[in-house]
Amino acid sequence: IQYIVSGKKRFMITSFLICLFFYFLGSIPITYLVLLRVKKINILKTEYKHSGVSNLYKYSSKKILLFVLFGDVIIKGFIPTYIIKNFTGLDLFIIIFLIIGHNWSFFIKLRGGKGLTVSLGILAAISSEVFISIIILFLIFWISRRKNDSSAPWIVSIVIVNFVVYFDHFYFGLFYKNLSNEYIYSIFLILLLLLFRRSLGNYTFTNLNRSILFSRIFFDREKR
């Protein structure tokens with residue numbers, strides 16, 4: 001019994017330390033640091049006042065954009081999730097601390113991005129089928145909008161795929177039946193975090209109404 005208790009204690013301590021590490025890893029504000037270093041721009045003081053990639057397009061070159069995407073999607077999202085999924089016995093749910101760190105960074109006074117890029121990296125590591133489904137839907141919506149705005153196509157694609165995955169896994173068993181319940185709930189939790197952070201906008205709540213909330217969630221801005 002003592003061995004079992006000590007084993008559980010070690011497991012809990014290990015989980016806590018990894019959660020803490022993931023939070024600080026996610027907290028590294030790559031967009032903020034790169035723009036400040038290369039362009040001398042404080043992205044937190046720009047129009048949309050956040051350090052997400054969606055706020056990066058106006059102020060950076062394609063090289064900077066690709067570098068930031070690599071850091072957010074691969075380093076902060078895909079690799080940690082892949083390791084947890086394939087090489088440890090830890091709960092996959094701890095990967096949400098990567099997104100929490102990205103959205104509320106310790107290094108820039110709990111400000112940060114909107115979590116999209118890190119979430120895409122995490123989803124790719126959890127299930128290539130889910131990730132590919134999101135990419136295909138995104139491309140369809142993005143092209144149909146004549147490539148004007150990528151924010152709405154991304155969030156709509158993630159929402160649709162989430163619900164398709166959930167209902168297919170639990171009721172139909174056509175495409176995603178091999179995913180474990182843990183993977184399904186983790187994917188849904190990622191969606192909830194994305195929607196919650198986007199709904200906060202720039203943390204201004206005066207005159208908040210359904211129109212502004214809709215614009216925040218789907219277009220990543222206060223007004224469409």
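Biologist: Which residues of α4 are buried?
Modeller: This is a predicted model, and burial here means under 20% relative accessible area. Helix α4 covers residues 96-103 and is mostly covered, with six of its eight residues buried. The buried ones are Ile96, Leu98, Ile99, Gly101, His102 and Asn103.

Biologist: What is Ile95 in contact with, leaving aside its neighbours within four places in sequence?
Modeller: Outside its sequence neighbours, Ile95 contacts Phe22, Thr81, Ile122 and Ile190.

Biologist: Are α5 and α8 roughly parallel or roughly antiparallel to each other?
Modeller: The two axes come within 11 Å and cross at roughly 170 degrees. An angle over 145 degrees counts as roughly antiparallel. Therefore α5 and α8 are roughly antiparallel.

Biologist: How many charged residues does the contact of α5 with α8 have?
Modeller: On the α5 side the contact is made by Leu116, Ser119, Ile122, Leu123 and Ile126, and on the α8 side by Tyr183, Ser186, Ile187, Ile190 and Leu194. By class, eight of these residues are nonpolar and two are polar. The number of charged residues is therefore, with Asp, Glu, Lys and Arg counted as charged, none.

Biologist: How do α6 and α7 cross, left-handed or right-handed?
Modeller: These helices pack at an angle of about 135 degrees, with their axes 8 Å apart. That angle makes α6 oblique to α7. The crossing is right-handed.

Biologist: How many nonpolar residues are in the contact of α6 with α7?
Modeller: From α6, the contact takes Val130, Ser133, Ile134, Ile135, Leu137, Phe138, Phe141 and Trp142. From α7, the residues are Pro153, Trp154, Val156, Ser157, Ile158, Ile160, Val161 and Val165. Two of the residues are polar and no charged residue takes part, while the nonpolar residues number 14.

Biologist: What is the orientation of α8 and α9 to each other?
Modeller: The axes of α8 (residues 181-200) and α9 (residues 210-219) come within 8 Å and cross at roughly 125 degrees. The crossing is right-handed. The two helices are therefore oblique.

Biologist: How many charged residues are in the contact of α8 with α9?
Modeller: Helix α8 contributes Leu195, Arg198, Ser199 and Leu200, and helix α9 contributes Leu213, Arg216, Ile217, Phe218 and Phe219. Six of the residues in this contact are nonpolar and one is polar, and the charged residues number two.

Biologist: How far apart in space are Ile18 and Pro80, C-alpha to C-alpha?
Modeller: Ile18 is in helix α1. Not counting residues up to four places away in sequence, Ile18 touches Ile84, Leu90 and Ile94. Ile18 and Pro80 are 62 residues apart in sequence, and their C-alpha distance is 10.0 Å.

Biologist: Which residues does Leu110 touch, not counting those up to four places away in sequence?
Modeller: Leu110 is in the loop between α4 and α5. From C-alpha to C-alpha, Leu110 lies 9.7 Å from Ile100, and the two are ten residues apart in sequence. With sequence neighbours left out, Leu110 touches Tyr23, Asn103, Trp104 and Ser105.

Biologist: Is Lys109 buried or exposed?
Modeller: Lys109 lies in the loop between α4 and α5. Its phi is near 60 degrees, a positive value in a residue other than glycine. A relative accessible area over 50% counts as exposed, so Lys109, at 76%, is exposed.

Biologist: What is the relative accessible area of Lys40?
Modeller: Lys40 lies in the loop between α2 (30-38) and α3 (62-87). Phi of Lys40 is near 60 degrees, a positive value in a residue other than glycine. Lys40 is exposed, and its relative accessible area is 66%.

Conventions: Residues numbered from 1 in each chain as written. Predicted model: local features only at pLDDT ≥ 70, side-chain atom pairs only at ≥ 80, totals over all residues. Heavy atoms only, no water. Axes fitted to C-alpha atoms, helices over the stretch in contact; angles between N-to-C directions. Helix = DSSP H or I, 4+ residues; strand = E, 2+ residues; numbered from the N terminus. Parallel < 35°, antiparallel > 145°, perpendicular 65-115°, else oblique. Left-handed = near helix turned anticlockwise from the far one by under 90°. Contact = heavy atoms within 4.5 Å. Buried < 20%, exposed > 50% of the residue type's maximum accessible area, 1.4 Å probe, protein only.
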